[in-house]
There are 2 protein chains.
Amino acid sequence: MHETMKLVCRECGETSGASEPVWRCTCGGLLDLEFKPQFPKRAVSRREPGMWRYREALPVENDVNIVSFGEGLTPLVKVEFGGRSVLAKLEFLFPTGSFKDRGASVLVSKAKELGIKRVVEDSSGNAGAAIAAYCARAGIACDIYVPESTSPAKLAQIAAYGAKLHRVPGTREDCAHAARRAAGRTYYASHVWNPFFFHGTKTFAFEMVEQLGWEAPDAIVLPVGNGTLLLGTYIGLKELQKAGVIQKLPKLIGVQARNCAPLHEAWNQNADSTHVKRRRSTAAEGIAIAEPVRGDQILEAVRNTGGAFVSVTEAEIRAGLKEAAQAGLLIEPSSATAVAAVRKAALPRGTVIVPLTGHGLKSAK
Amino acid sequence: MHETMKLVCRECGETSGASEPVWRCTCGGLLDLEFKPQFPKRAVSRREPGMWRYREALPVENDVNIVSFGEGLTPLVKVEFGGRSVLAKLEFLFPTGSFKDRGASVLVSKAKELGIKRVVEDSSGNAGAAIAAYCARAGIACDIYVPESTSPAKLAQIAAYGAKLHRVPGTREDCAHAARRAAGRTYYASHVWNPFFFHGTKTFAFEMVEQLGWEAPDAIVLPVGNGTLLLGTYIGLKELQKAGVIQKLPKLIGVQARNCAPLHEAWNQNADSTHVKRRRSTAAEGIAIAEPVRGDQILEAVRNTGGAFVSVTEAEIRAGLKEAAQAGLLIEPSSATAVAAVRKAALPRGTVIVPLTGHGLKSAK
């Protein structure tokens, strides 16, 4: 189906086929996935709702390997945030309560296709839950590494799916290191390293564009930590542009919590990569990433779209959370950063999309 | 649009128009809503996904009054429960985390159409959250009465939407009485009394039938407390049958927690209404209803479909919860009763549907 599919190293440029269970280059570099998707628009719009309707744009060879709960095609609804009318995309309406299911569905399908029996992932919560749930459906064993500080509800969720939970003392980065060590002996189902995850989250862009009548919006305001959604969206938009479905790219507005904003700080210094690793505590635990592995890639994506970064304070996050809930949308603090940013960012005229990435039930006590 | 729509009293048979803000008959009796929906199948299947695609079957006159988050058309996915292959309908994929949003969307739309500014509801949690969220979106004030024993996560959710929360000491029935007293001065947005709620939950049946290629399944296994989903499903199926879309009705299998099973007990005694009000504690708090107001109607519906009742123990509920989670589906204990019942009920051959009614994040600690 996708004969032209290949993995390309971002460091040394070496390419390899996508039928090997690798998640990084032999040189240690990050891999990107390249292939040429197709968008048969008329056929797509007649298919059942869900992210797998973009079948010819998803890097899984054989339908029998698809691991899915029929998820996706989340609602796109008009709301007012900060006095501005925007379209909220309800990305918390996924089986595990976050958009991370998009990435997990494609990645775990690929793992199944590769004959993999056990995977490792590390996550502050949402990606771990997503990988655990889809592995449960696929019958693949999984080990999830989480920082010790992860909220109890997220831990309970991961354990419920039957995953083996490893609580790692120290920082989010210590947790990632522990997982990478373990992944040396198995497959790293990482939402940061593994390129197949991003080829799941890219379906966010496909759906949004289809829901707008196969047109691109003017801007998208996205919470950013490791850039799982932002990079997926960028990949999806570029694929749509190459295929001639859309002409220009919408501005990507990346939002960080001020207490942990390495990308925003790099942006302000016009730097190509992050170097400040300061981190203070933030309610937006899902995007509290001091050392984003794909930081340079995220900065480049935002720059290429004429976008920008913005950061929001803890008080602004709380206000965003309240504003969303009182509009009937219960979301988690990491998602509320985007709501808060609508008031703060310099947004273009026209259509602005705000993904609401995680369910508030995840953090409700 | 629906000139023939009328409210009919189940006690005295008196009819009235549906443009008055009434929720019970002047005689005190329960009201049903009667009207003749249409199902333009070809047009429906081309519309956007969501429950409002069945527009000609929903009792709201004017589109401007629709209060919606684009919800519905939840996935219908193949799973194995108790060694039996069934189709699970993921009814927890709603903005507030339960199927109750179906009822709230139609009821609150109707309230808006009637010009109502404030409503009252009582609920063990899910219906209260649903009414609160849709009222938030509609700009309608609401008071939610909950039993003191309701789980903290559900209380936090209702309060977050901006509803005024009233915690009532005593039983679930004491709570309902308190709400009914308050409703004397306002509009009772009840998921038990108000017929418009059931004309929202009926969309469960429409979606299921459309997803099966406009065919009825052979059986549906549903958790039952007040019968919000079971009666809605029955109404929807009858409407589809009258309109000639389906020929025969699927068997409705009602599931109760053994610790609070007035309907199952009445069924075993071949009674037309419930009379045993025994209640012991159960994890299935969403269906722990000792005195179901529409009990006779629920018994009649199940009887008319050739269905049955079954009840499950606390250990079986726990096992159902675990079985679902380890299949990647995190649900709440009330929903797990249906999973447990698949193993226990005498099910026909053919297609069996199991709605998974509430998100597990609601009860995760």
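The following is a set of questions and answers about a predicted model.

User: What should I know about numbering and cut-offs before reading on?
Analyst: Residues are numbered from 1 along each chain as its sequence is written, while chains are lettered from A and ligands numbered from 1 in the order in which they are written. As the model is predicted, local features need pLDDT of at least 70, side-chain atom pairs count only at pLDDT 80 or more, and totals for chains, interfaces and linings use all residues, and side-chain values use heavy atoms, with hydrogens and water left out.

User: How many helices and strands does chain A have, and what makes a run count as one?
Analyst: Chain A has 12 helices and 13 strands. Both are DSSP runs numbered from the N terminus; a helix (H or I) needs at least four residues and a strand (E) at least two.

User: What radius of gyration does chain A have, and how does it stand against that of a compact globule?
Analyst: The radius is taken over C-alpha atoms, and the globule rule is 2.2 Å times the number of residues to the power 0.38. For 365 residues a compact globule would have a radius near 21 Å; chain A has 19 Å, so the value agrees. The C-alpha trace of chain A spans about 50 × 50 × 40 Å along its principal axes.

User: What share of chain A is called buried, and what does the word require?
Analyst: Buried means under 20% relative accessible area, exposed means over 50%, and partly exposed lies in between (1.4 Å probe, protein chains only). By that rule 65% of the 365 residues of chain A are buried.

User: How far apart in sequence are the residues that meet in chain A?
Analyst: A contact means heavy atoms within 4.5 Å. Among contacts in chain A between residues at least 6 apart in sequence, 70% join residues at least 24 apart.

User: Where is Val67(B), and why is it called buried or exposed?
Analyst: Val67(B) lies in the loop between helix H1 (41-46) and strand E4 (76-81) of chain B. Its relative accessible area is 3%, so Val67(B) is buried. Not counting residues up to four places away in sequence, Val67(B) touches residues including Trp52(B), Val108(B) and Tyr134(B).

User: What makes the phi of Asn270(A) and Trp214(B) worth a note?
Analyst: Most residues other than glycine have a negative phi. Asn270(A) has a positive phi of about 55° and is not a glycine; Trp214(B), also not a glycine, has a positive phi near 60°.

User: Are these two residues buried or exposed, and where do they lie?
Analyst: Asn270(A) has a relative accessible area of 61%, so it is exposed. Asn270(A) lies in the loop between helix H9 (262-268) and helix H10 (295-304) of chain A. Trp214(B) counts as buried because its relative accessibility is 13%. Trp214(B) is in the loop between helix H7 (203-211) and strand E10 (219-223) of chain B.

User: How do you know that strands E10 and E11 of chain A pair?
Analyst: Two strands pair if DSSP finds at least two bridges between them. Strand E10 (residues 219-223) of chain A and E11(A) have five bridges, in the parallel sense. Val221(A) stands opposite Ile253(A) in E11(A). Strand E11 (residues 251-257) of chain A is mostly covered, with six of its seven residues buried.

User: Which strand pairs with E12 of chain B?
Analyst: Strand E11 (residues 251-257) of chain B pairs with E12(B) in the parallel sense over five bridges. Gln256(B) stands opposite Ser311(B) in E12(B). Strand E12 (residues 308-312) of chain B is mostly covered, with four of its five residues buried.
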